[in-house]
Amino acid sequence: LAAAEETASAIRATGGRAIAVKADVSQAAGCEAMVAAAEKEYGKLTVLFNNAGISHADDDDAIATTEDVWDLTFAINVKGVFLGLRQVLPVMIRQGSGAVVNTASIAGLIATPGMPAYVASKHAVIGLTKVAAAEVGPLGIRVNAVCPGPIATRMIEDLAKQISPNNPGGVEERYTAGLPLRRYGTAEEVANVVLFLCSELAGNVTGARYA
């Protein structure tokens, strides 16, 4: 909650409006409380960004990954998206408008050996995005997904340390060697794509996957 409040404070400092709400997205009660707080504060919901997600350190391979790791990954990465949609879409349907962006991953488009739970969960997010887009599109609501490649975040840093504890920088060199821009993306660059998808500039875009 402290990190969320720090972000909210930064937004307020620039003249915007923001509140911080603590919620476990894998639990219906948490999502319900989060949406209720947003409705109370702002009166309506124009955007939902389903961005919570994890990549577990013990998500090893299709044989070694345990049920606990699988269940936790799906609870946050997939169930969390589902519960967010289930809470927000009725509000947007009443309004007759709204935009949803779900965070998938490049791992939702291709196979990435060594992380079956994460890859499967992100494929599921893309499938859920397509279904929701088809269901609520006629009601004036758009649902899209972003599929980032390697992004310079704590998650990719932790993954590099897991793969190569003695030389995490070497992991970045190997990863970026196969990328067109030869570098990790940034969180700000992903945010800009999300802003586009939530804006009227993307008024005719739904059910899409932006890598």
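## R12 and its partner E5

R12 is partly exposed in this predicted model, with a relative accessible area of 38%. Its side chain meets that of E5 in a salt bridge, with N and O 2.4 Å apart. And E5? With a relative accessible area of 32%, E5 is partly exposed too.

Here's the general idea behind such pairs: side chains of opposite charge can pair when their charged atoms come close. Searching the whole structure turns up four salt bridges, and the pair of E5 and R12 is one of them.

## A bridge from a loop to a helix

Now look at R17 and E41. They form a salt bridge whose closest N and O atoms are 3.6 Å apart. R17 sits in the loop between α1 (2–13) and α2, while E41 belongs to helix α2, so this pair ties together parts that are 24 residues apart in sequence.

Are these two residues buried or exposed? R17 counts as exposed, at 54% relative accessibility. E41, at 35%, counts as partly exposed.

## Where α2 meets α3

Next, find helix α2 (residues 28–42) and helix α3 (residues 67–95). They pack at an angle of about 35°, and their axes are 8 Å apart. The crossing of α2 and α3 is right-handed. From α2, the contact uses A28, C31, E32, V35 and E39; from α3, it uses L83, G84, R86, Q87, V88, V91 and R94. Sort the residues of this contact by type and you get six nonpolar, two polar and four charged.

Two of those contact residues, E39 and R94, also form a salt bridge, with their closest N and O atoms 3.6 Å apart. Because E39 lies in helix α2 and R94 in helix α3, the pair ties together parts that are 55 residues apart in sequence. R94 counts as exposed at 62% relative accessibility, whereas E39 is partly exposed, with a relative accessible area of 28%.

## N77, tucked away in α3

Stay with helix α3 and pick out N77. Why does N77 count as buried? Its relative accessibility is 0%, and the cut-off for buried is under 20%.

What does the side chain of N77 reach at 2.9 Å? That would be the backbone nitrogen of I54. The N77 side chain also makes a polar contact with the side chain of S121, at 3.1 Å. Leaving aside neighbours within four places in sequence, N77 is in contact with A52, G53, I54, Y118, S121, K122 and V125.

Note on methods:
Residues are numbered from 1 along each chain as its sequence is written. This is a predicted model: local features need pLDDT of at least 70, side-chain atom pairs count only at pLDDT 80 or more; totals for chains, interfaces and linings use all residues. Side-chain values use heavy atoms; hydrogens and water are left out. Axes are lines fitted to C-alpha atoms, for helices over the stretch in contact, and angles run from 0 to 180 degrees between N-to-C directions. Helices (H or I, at least four residues) and strands (E, at least two) are DSSP runs, numbered from the N terminus. A crossing is left-handed if the near helix is turned anticlockwise from the far one by less than a right angle, and right-handed if clockwise. Contact means heavy atoms within 4.5 Å. Ala, Val, Leu, Ile, Met, Phe, Trp, Tyr, Cys and Pro count as nonpolar, Asp, Glu, Lys and Arg as charged, and the others, Gly among them, as polar. Buried means under 20% relative accessible area, exposed over 50%, partly exposed in between (1.4 Å probe, protein chains only). A polar contact is a pair of N or O atoms within 3.5 Å; within protein, one must be able to donate a hydrogen and the other to accept it, and residues adjacent in sequence count only if both atoms are side-chain atoms.
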